[in-house]
Amino acid sequence: MKQYETMYIIKSSLDEAARNAVIEEMHGIITSHGGTIDNVDDWGLRDFAYRIDDMTKGHYVVVKFSSDVEGLNEFSRLMGINNNIVRSMTICEDEKHGK
């Protein structure tokens, strides 16, 4: 398993309960495929540098996790089709550190 880091932005219009449900759902995808959540850093509500789909703010979350390729692919796929996720980006921590 490799180490990954994903930053994703949740719509600011969601209330806290709905936002937490989205976070739990996304992280559940990783753990259901045998991965582990190593760290979650909730950055909170931030302004965008430019408008995205008529939105000016979003709730930022950074998660570090370990996963195999199958789990990562499913996580990325479901992240892309979730209407409550505005944007996401994943990097491989192992490649970042030259492993």
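In this predicted model, the side chains of Arg77 and Glu74 come together in a salt bridge, with a distance of 2.9 Å from N to O. Both residues belong to helix α2, which covers residues 69-81, and they are three residues apart, about one turn of the helix. Arg77 is partly exposed, at a relative accessible area of 44%, and Glu74 also counts as partly exposed, at 23% relative accessibility.

This pair is one of three salt bridges that a search of the whole structure finds. Another joins Glu5 to Lys64 through their side chains, at 3.6 Å from N to O. Here the partners come from distant parts of the chain, since Glu5 sits in strand β1 (residues 2-11) and Lys64 in strand β3 (residues 55-67), 59 residues apart. Glu5 has a relative accessible area of 19% and is therefore buried, because the cut-off for that class is under 20%, whereas Lys64, at 31% relative accessibility, is partly exposed.

Asp47 counts as exposed, at 55% relative accessibility, while Lys57 counts as partly exposed, at 35%.

As a general point, side chains of opposite charge can pair when their charged atoms come close.

Terms used. Residues numbered from 1 in each chain as written. Predicted model: local features only at pLDDT ≥ 70, side-chain atom pairs only at ≥ 80, totals over all residues. Heavy atoms only, no water. Salt bridge = Lys/Arg side-chain N within 4 Å of Asp/Glu carboxyl O. Helix = DSSP H or I, 4+ residues; strand = E, 2+ residues; numbered from the N terminus. Buried < 20%, exposed > 50% of the residue type's maximum accessible area, 1.4 Å probe, protein only.
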